[in-house]
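Subject: Structure handover

Hello,

Here is the structure you are taking over. Please open it alongside this message; my notes follow below.

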Amino acid sequence: MCKLCKARAGATRRDFLKGTLAAGAGAMAGGGLLASASASTHADEARSGMPAHSGEAGRRVLIRGGHVLSMDDSVGDFERGDVLIEGSRIVAVGPELDAGDAEVIDAAGRIVMPGFIDTHHHLFETALRSFLADGIMFDDGTPEGSPNYMDHILGKLAPVYRPEDVYINELFGSLSQLDAGVTTVMDTSQIHHSPEHSDAAIEALRDSVRRSVFGYFEGQGEDAQYPQDARRIREQYFATGEGLSADGLMTMVMGGEIYLPDHETAWALAHELDLPLAYHVVGSLGMAETFDELAASGKIEENHILIHMTGMSDMAWQAVHDAGAHVSLAVPIEMTMRHGTPPLMKTSELGILPSLSSDVECTMTADFFTQMRSTLTLQRMFVNELALQGQEERPALLTSREVIRYATLGGARGLKLEHRVGSLTPGKEADIILLDAEAINVAPLNNVPGAVVTLMERSNVETVLVAGRVRKWRGQLQGADIPRLRDELIASRDYLFETAGVDRRMFD
């Protein structure tokens, strides 16, 4: 089939999915995507009591009587408190707020807190989940070197993605994270094989109806337009005030990998288009010397998002600190895929507030309870070992509240969204999650931050709001026919593995 025919065939399927999603979003209070009669009945029951038209201008919603963890020192926390929302924004946080004409969400027995923020997620790989569970990043000549991420994921599977594969992978992965309470993501989409691939990624992020940062990274093949197509993308999708998308939920980041020979072109475009710049920094891939050179020459800037930062020199770390650049950590992935030791001791020593990121679901889950627990236990292991060795000068032990700060405010700061999200602060967007603290794995509740980090999992995420709009209600994701979308994802999975000639190895 000719390239144009393939593109048109892909657009047809993607347009169909977009149409059904639009229908589901438009009927958010009604049934979801092409739901069966029985499914609609079940969804109607699940929506009982859900505020109507939440997130719309002038609509007021009061979240009442929850355990409020605001993550804003000036607001404080409340053992029993309320959050008042008008339209998309928080207008008040405190005890016994006057509800007036607001619709009420009863939050008794629920922890009310900001949604989680993922600063680095390759969403296009959703169909590859668990394929590389035991793999490492690249073939380093050891027995564990095959299969690996560089050769099999990026080298064989990624090149065969069609635009429609990009769309369903990004959409399904976004909805899955939304279901788990991750209300914001930076999509590190290294799948820009053509402008059509880029458009598919952006459309999927938009159709998921959650807050997203579109990371425009490289692609492969003769039709790839990276990095020059950044100008078109910026103008077409992010031309409103503050570089926002038309719906106000999306912004853009420029990818500028330092392992690419022409990365300086991408860096210059980021400056021209006034975009933050994101790139991976991994010592085990031989990037330490290059990053040292950039650091020594003063090229690290405040709007840089540095992913991993494993194996870097003390000089480079000081340059990052002095520049005020952001560090995004993917602790479980860094530990299991041989990136190098997660630099939690360095961020602790230098007083750097990092963020957390899920990285790749081909190897590890993208839920943030896993991210927080891994981060907490690893940092404490390092510090506890120093204490056992009698070393008096050591970083303080990471606490549950501090790791939640990484997962909320840290991410907001890193993505330049701190003025919008990351805490329950009046004036900010109402990206809020309600966590069930009466569930069998949590009750009785004795400490709110401790319960979130050390006890909870995605099943505790009961209700999710994005910009004041209810996206998950009492355990039920709204506006998406998950069985239908899952079938599309499976079809994409089958196509990708067959076309790439990669054995899925259902059992080892």
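Q236 lies in helix α6; helices here are DSSP runs of H or I with at least four residues, strands are runs of E with at least two, and both are numbered from the N terminus. At 47% relative accessibility, Q236 counts as partly exposed. On that scale buried means under 20% relative accessible area, exposed means over 50%, and partly exposed is in between, with a 1.4 Å probe and protein chains only. From Q236 to N169 there are 67 residues in sequence and 22 Å in space, C-alpha to C-alpha.

Before going further, note that this is a predicted model, in which local features need pLDDT of at least 70, side-chain atom pairs count only at pLDDT 80 or more, and totals for chains, interfaces and linings use all residues. Residues are numbered from 1 along each chain as its sequence is written, and side-chain values use heavy atoms, with hydrogens and water left out.

The chain as a whole

The protein chain has 15 helices and 17 strands. Its C-alpha trace spans about 65 × 60 × 50 Å along the principal axes. The radius of gyration is 22 Å, which agrees with the value near 23 Å that a compact globule of 508 residues would have. That radius is taken over C-alpha atoms, and the globule rule is 2.2 Å times the number of residues to the power 0.38.

Of the 508 residues, 58% count as buried. Among contacts between residues at least 6 apart in sequence, 72% join residues at least 24 apart; a contact means heavy atoms within 4.5 Å. The accessible surface comes to about 19,900 Å², and 50% of this belongs to carbon and sulfur atoms. The areas come from the Shrake-Rupley method with a 1.4 Å probe, and for residues only the protein chains shown count as cover.

As for charge, there are 44 positive and 73 negative side chains, and the centres of the two sets lie 5 Å apart. Lys and Arg count as positive, Asp and Glu as negative, while His and the chain ends are not counted. Each charge is placed at NZ of Lys, CZ of Arg, CG of Asp or CD of Glu.

Aromatic rings

Rings of Phe, Tyr and Trp (its six-membered ring) pair if their centres lie within 6.5 Å; planes under 30 degrees apart count as stacked, over 60 as edge-to-face and the rest as tilted. By this rule there are nine aromatic pairs. In one of them, F214 and F238, the ring centres are 6.3 Å apart and the planes are at 10°, so the pair is stacked. F214 belongs to strand β8 (residues 211-216) and F238 to the loop between α6 (230-237) and β9 (250-255), so the pair ties together parts that are 24 residues apart in sequence. F214 is buried, at 0% relative accessible area, and F238 is buried with a value of 0%. One aromatic cluster is formed by F214, Y216, Y226, Y237 and F238.

Backbone

Most residues other than glycine have a negative phi, and most peptide bonds are trans. The exceptions below are worth a look.

Y226, a member of the aromatic cluster, is joined to P227 by a cis peptide bond with omega about -5°. P227 is in the loop between β8 and α6. The bond from S146 to P147 is cis, with omega near -5°, and P147 sits in the loop between β6 (116-121) and α3 (149-157).

S130 is found in the loop between β6 and α3. Its phi is positive, near 70°, and it is not a glycine. At 53% relative accessibility, S130 counts as exposed. A467, which is not a glycine, has a positive phi of about 50°. A467 lies in the loop between β15 (461-466) and β16 (469-473) and counts as buried at 12% relative accessibility.

Two threonines

T184 lies in strand β7 (residues 182-189) and is buried, at 0% relative accessibility. Leaving aside neighbours within four places in sequence, T184 is in contact with F116, I117, D118, R210, R211, L415, L417 and D431.

T370 is part of helix α12 (residues 368-388) and is partly exposed, at 21% relative accessibility. Not counting residues up to four places away in sequence, T370 touches P332 and T365. T370 and R458 are 88 residues apart in sequence and 9.4 Å apart in space, C-alpha to C-alpha.

Regards
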